[in-house]
Amino acid sequence: MKIALIVPRLYEDINTNTTKINELISDACMGGAKLILLPEATLTGLINNDVYEHDISIAISISDKVITNFCDKAKEYGIWLCFGFLEKENDCIYDSAILINPVGEISIHYRRINPQWRAKSLPSNQYSEGFEMESAMTPLGKTAVLICGDLFDDNVLSLLDPIRPEFVLFPFTRCFPSGVKDIQKQWDDVEVHEYVKQAQRTGAIVAMTNYIGTADINDTSFGGAFIIDKDGDLHASLPLLQEGILYYDVKGCGDK
């Protein structure tokens with residue numbers, strides 16, 4: 001089964017981002033992808049600043065037309081589609097992701113459990129996290145979703161143990177401090193090894209993708225997409241700061 005990990009470049013206007021993401025999804029489908037993964041907070045970037053009035057303005061509900069349109073697109077193309085977004089429900093903000101199945105239904109609605117995407121002191125009725133791990137059967141086997149800091153949280157990883165997924169979708173966001181001059185070298189020499197080590201702890205194949213930030217949103221996230229197998233081997237990657245699509249053929253259920 002061919003999967004596609006999309007690395008978009010994000011701007012301030014959500015409509016601009018949505019249009020570009022739709023184009024990339026269409027390109028991935030033309031390239032034969034049957035499952036597509038987009039990054040964490042893929043519609044806006046993870047640009048929450050802990051000021052509630054700002055943060056609630058960039059969050060959307062699960063019933064928003066943007067979500068509905070992505071469900072329609074998954075049904076139109078007959079694909080699995082996973083992406084992260086800042087979610088609002090009852091005026092509370094979550095760092096969330098959904099996995100949509102090929103008939104346009106949401107198979108997984110996951111809320112990040114690790115709280116390090118926002119300040120700890122914020123009111124729980126305004127900012128919150130999930131507490132449950134979900135899974136769904138896909139052509140790749142039992143599939144789960146983690147978001148960013150979840151991968152480095154022992155408590156979150158322990159929730160995978162009873163599920164024992166075969167595949168993990170991992171939308172994330174990452175940047176380096178401004179003092180890092182060669183981000184590709186820093187990633188290759190240091191950071192990727194930490195992600196590989198943590199991915200191996202899931203016991204699953206892990207697909208991960210990050211968006212590219214811009215000055216428009218005051219975000220220096222550097223992109224990158226990666227496939228790590230259950231033995232901790234890095235099988236495919238897209239260079240940092242390169243907008244585009246990483247394709248990979250994964251042996252799924254029933255494949256020989």
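**First stop: helix H1**

Select H1 and colour its buried residues, which are Asn17, Thr18, Ile21, Leu24, Ile25, Ser26, Ala28 and Cys29. The model on display is a predicted one. The buried residues of H1 pack against strand S1 (2-7), S2, H3, S3 and strand S12 (244-249). H1 itself covers residues 14-30, 17 residues in total. From its first C-alpha to its last it reaches 24 Å, close to the 24 Å expected at 1.5 Å a residue. After H1, select glycine 32, whose phi is positive, near 95 degrees.

Next, select S5, S4, S3, S2, S1 and S12. In that order, these six strands form an open sheet with mixed pairing. Which strands stand at the edges of this sheet? They are strand S5 (106-111) and S12; each has a single partner strand, so one side of each is left without a neighbour in the sheet. From one strand to the next, the twist averages 25 degrees. H1 packs on the sheet, where it touches S1, S2, S3 and S12, and its direction makes about 30 degrees with that of S12.

Within this sheet, S1 and S2 may be examined as a pair. Their pairing is parallel and extends over three bridges. Select alanine 4 to find isoleucine 36 of S2 standing opposite.

H3 lies across S3, strand S4 (92-100) and S5, and runs at about 170 degrees to S3.

Begin with phenylalanine 70 and phenylalanine 83: their ring centres are 4.8 Å apart and their planes are at 50 degrees, so the pair is tilted. Phenylalanine 70 belongs to helix H3 (residues 65-77) and phenylalanine 83 to strand S3 (residues 80-89), so the pair ties together parts that are 13 residues apart in sequence. Are these two residues buried or exposed? Phenylalanine 70 is buried, with a relative accessible area of 1%, and phenylalanine 83 counts as buried at 0% relative accessibility.

Then select Phe152, Phe170, Phe172, Phe176, Trp187, Tyr195, Phe222 and Phe226, which ring pairs link into a cluster.

Two charged side chains may be displayed next. The charged end of arginine 111 sits over the ring of tyrosine 94, 3.8 Å from its centre. That of lysine 2 sits over the ring of tyrosine 247, 5.4 Å from the ring centre.

Move to the strands S6, S7, S8, S9, S10 and S11. They make an open sheet of six strands in the order S6-S7-S8-S9-S10-S11, and the pairing is mixed. At its edges stand strand S6 (135-138) and strand S11 (234-238); each has a single partner strand, so one side of each is left without a neighbour in the sheet. The twist here averages 20 degrees from one strand to the next.

Strand S10 (residues 225-228) pairs with S11 in the antiparallel sense over four bridges.

Glutamate 191 is located in helix H5 (residues 183-200) and counts as buried at 14% relative accessibility. Apart from residues up to four places away in sequence, glutamate 191 touches Arg174, Phe176 and Gln186.

Leucine 46 comes next, in the loop between strand S2 (35-37) and helix H2 (52-57). Beyond neighbours within four places in sequence, its contacts include Leu86, Thr173 and Tyr211. Leucine 46 and arginine 174 are 128 residues apart in sequence, and their C-alpha atoms are 9.6 Å apart in space.

Finish at leucine 160, in the loop between helix H4 (154-158) and S8. Leucine 160 is buried, with a relative accessible area of 3%. With neighbours within four places in sequence left aside, leucine 160 is in contact with Met133, Ala144, Leu146, Pro165 and Thr202. Its C-alpha atom is separated by 9.3 Å from that of serine 135, a residue 25 residues apart along the chain.

Conventions
Residues are numbered from 1 along each chain as its sequence is written. This is a predicted model: local features need pLDDT of at least 70, side-chain atom pairs count only at pLDDT 80 or more; totals for chains, interfaces and linings use all residues. Side-chain values use heavy atoms; hydrogens and water are left out. Helices (H or I, at least four residues) and strands (E, at least two) are DSSP runs, numbered from the N terminus. Contact means heavy atoms within 4.5 Å. Buried means under 20% relative accessible area, exposed over 50%, partly exposed in between (1.4 Å probe, protein chains only). Rings of Phe, Tyr and Trp (its six-membered ring) pair if their centres lie within 6.5 Å; planes under 30 degrees apart count as stacked, over 60 as edge-to-face and the rest as tilted. A charge sits over a ring if NZ of Lys or CZ of Arg is within 6 Å of the ring centre and within 35 degrees of the ring normal. The expected span of a helix is 1.5 Å times one less than its number of residues. Two strands pair if DSSP finds at least two bridges between them. Axes are lines fitted to C-alpha atoms, for helices over the stretch in contact, and angles run from 0 to 180 degrees between N-to-C directions.
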